[in-house]
Amino acid sequence: MVAKPLDLMNSSRGSRVLVELRGHRCYAGILNSYDPHLNIVLTDAEEIINGEGSRKLPTVLVRGDNIVYVSP
């Protein structure tokens, strides 16, 4: 049986994920929550710009329409 995208997101809750955004920006952090529009809340996150770690952030809210992909 093929898993649905939101089922995969649900199984990744509480795990570290990589979220790539438009503009070559990424966030790596623990997937805390998400909604059907793929707005994502990450905790214990790190901002990555052009492949280099930039800064640590306690909580990040990522707007779903900016997301290119989410990788567990």
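Mentor: Start with a term: a salt bridge is a side-chain nitrogen of Lys or Arg within 4 Å of a carboxyl oxygen of Asp or Glu. This is a predicted model, where local features need pLDDT of at least 70, side-chain atom pairs count only at pLDDT 80 or more, and totals for chains, interfaces and linings use all residues. Residues are numbered from 1 along each chain as its sequence is written, and side-chain values use heavy atoms, with hydrogens and water left out.

Trainee: How many salt bridges does that rule give?

Mentor: The count is 4. One of them joins the side chains of Glu47 and Arg25, at 3.4 Å from N to O.

Trainee: Where do Glu47 and Arg25 sit?

Mentor: Glu47 is in strand β3 and Arg25 is in strand β2. They are 22 residues apart, so the pair links distant parts of the chain. Strands here are DSSP runs (E, at least two residues), numbered from the N terminus.

Trainee: Is Glu47 buried or exposed?

Mentor: Buried, at 2% relative accessible area. The cut-offs: buried is under 20%, exposed is over 50%, partly exposed is in between, with a 1.4 Å probe and protein chains only. Arg25 is partly exposed at 33%.

Trainee: Which other salt bridge does Glu47 make?

Mentor: One with Arg55, at 2.7 Å from N to O. Arg55 is partly exposed at 45%.

Trainee: And what about Asp65 and Arg63?

Mentor: Their side chains also meet in a salt bridge, 3.0 Å from N to O. Asp65 is partly exposed at 43%, while Arg63 is exposed at 55%. As for shared partners, Arg25, Glu47 and Arg55 are joined into one network.

Trainee: New topic. What is the strand order in the sheet?

Mentor: β4-β3-β2-β1-β5, in an open sheet of 5 strands with antiparallel pairing. Two strands pair if DSSP finds at least two bridges between them.

Trainee: Which strands stand at the edges?

Mentor: β4 (52-62) and β5 (67-71). Each has a single partner strand, so one side of each is left without a neighbour in the sheet.

Trainee: How do β3 and β4 pair?

Mentor: Antiparallel, over 9 bridges, with β3 spanning residues 40-49. Ala45 has Leu57 in β4 as its bridge partner. Ile40 stands opposite Val62 in β4.

Trainee: How many residues lie between β3 and β4?

Mentor: The hairpin has 2 residues between them. Asn50 in that turn has a positive phi of about 55 degrees.

Trainee: What about β2 and β3?

Mentor: β2 (residues 25-34) pairs with β3 over 8 bridges, in the antiparallel sense. Their hairpin has 5 residues between the strands, and Leu38 in the turn has a positive phi of about 70 degrees.

Methods:
Helices (H or I, at least four residues) and strands (E, at least two) are DSSP runs, numbered from the N terminus.
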